[in-house]
Protein chains: 2
Amino acid sequence: MPIKAFAAQNCSVARTLSVLGERWTMLVLREVFLGNRRFDRIRAELGIASNVLSDRLATLVEAGVLERRRYSERPDRFEYWLTETGLELQAVLLELLKWGDAHMSPAGPPRVIVHTDCGEVIESKQICSHCGGELHARNVRSRLGPGATDEDRAAELRRAA
Amino acid sequence: MPIKAFAAQNCSVARTLSVLGERWTMLVLREVFLGNRRFDRIRAELGIASNVLSDRLATLVEAGVLERRRYSERPDRFEYWLTETGLELQAVLLELLKWGDAHMSPAGPPRVIVHTDCGEVIESKQICSHCGGELHARNVRSRLGPGATDEDRAAELRRAA
């Protein structure tokens, strides 16, 4: 089930993590992105308990990230497919992968990314939607947006103090 | 402490999650990115238990994401600052934020991103490091890389079956 303490925060990072922030969830998604869509095979690849996998899949279906498609009757069996909303999470996986490649995989990347439009092995790069300049931690800041509440404004003042 | 079952996988996503995948860790990082660097104030903003926060901070320091800097003696007090390695995690936070803005914050973004080079409120966009084309889930695939093992090759065959 989604993490309530995260869903209750008025923060889009926390809300995303209310769906993705349980242990194993991102790795379940990794398997589905790799084309591994069936319960028993996801469980076998990850080596996790059935009840944990059931819970994570239910959360992802409820959040609209995955959808169940029946592939057999008697017994009923389902595959888990990424929705359009779920496909957008590739961006998160690519950034987790990139950081791990850079800092935690000294023997070289276990898996590389191919951009099928140009056919090359690539990395993802983040750019500005307005001017196209490359983003890095020293040219990005954040400020309160239209969805901010009075409590957000108070927290912002506390952080600035 | 890092999640051992993730660190043991030959996968850069899993290895990153061995450091970031505990509940609350990404939100601790959010606070530090927002300039909230002191234990008591991070704890107060997040409303989490001291032992949980201590554990998460220790993992992040051990992984080289944060470094402790003393700001007071008698009593010893420390601030937690992002290292260069830690600053690179902004990319992950931006993608979590973007997805949450798009799918989980119907009242509008609580927080917006400003690209200080151009001064505009922006979104992050992911492009190909080779050709500059925009990346999306249908023009990216992955394949085994130089760090792949025999076990990875066997898993790839199982997934393709």
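**Entry 1: a buried serine**

A residue is buried if 20 or more other C-beta atoms lie within 10 Å of its own. I kept that cut-off beside me while I looked through this predicted model.

I started with B:Ser18. Is B:Ser18 buried or exposed? I found 23 other C-beta atoms within 10 Å, so B:Ser18 is buried. I then looked up where it sits. B:Ser18 belongs to helix α2 of chain B, which covers residues 12-20.

Next I listed its contacts, leaving out residues up to four places away in sequence. B:Ser18 touches B:Pro2, B:Ile3, B:Phe6 and B:Ala7. B:Ala107 is 89 residues from B:Ser18 along the chain, and 33 Å separate their C-alpha atoms.

**Entry 2: where the chains touch**

I turned to the two chains. How many residues of chain A are in contact with chain B? I noted 76 residues of chain A, in contact with 76 residues of chain B. Helix α7 of chain A, residues 90-104, gives the largest share of the chain A side, with 14 residues. I sorted that side by class: 37 residues are nonpolar, 23 are polar and 16 are charged.

**Entry 3: a sheet across the chains**

I followed the strands next. Strands of a sheet pair through backbone hydrogen bonds, either parallel or antiparallel. Which strand of chain B is joined to strand β6 of chain A? I found strand β3 of chain B, residues 111-115, joined by five bridges to β6 of chain A, residues 140-144. These two strands run antiparallel.

I wrote down two of the bridge partners. A:Ser142 is partnered with B:Ile113. A:Arg143 is partnered with B:Val112.

Then I stepped back to the sheet. I read its order as β6(A)-β3(B)-β4(B), three strands in an open sheet with antiparallel pairing. The edge strands are β6 of chain A and β4 of chain B, residues 120-122, and each pairs on one side only. I noted an average twist of 45 degrees from one strand to the next.

Notes: Residues are numbered from 1 along each chain as its sequence is written. Chains are lettered from A and ligands numbered from 1 in the order in which they are written. This is a predicted model: local features need pLDDT of at least 70, side-chain atom pairs count only at pLDDT 80 or more; totals for chains, interfaces and linings use all residues. Two residues are in contact if their C-beta atoms, placed from the backbone, lie within 7 Å. Helices (H or I, at least four residues) and strands (E, at least two) are DSSP runs, numbered from the N terminus. Ala, Val, Leu, Ile, Met, Phe, Trp, Tyr, Cys and Pro count as nonpolar, Asp, Glu, Lys and Arg as charged, and the others, Gly among them, as polar. Two strands pair if DSSP finds at least two bridges between them. Axes are lines fitted to C-alpha atoms, for helices over the stretch in contact, and angles run from 0 to 180 degrees between N-to-C directions. A residue is buried if 20 or more other C-beta atoms lie within 10 Å of its own, exposed if 12 or fewer, and partly exposed in between; C-beta atoms are placed from the backbone.
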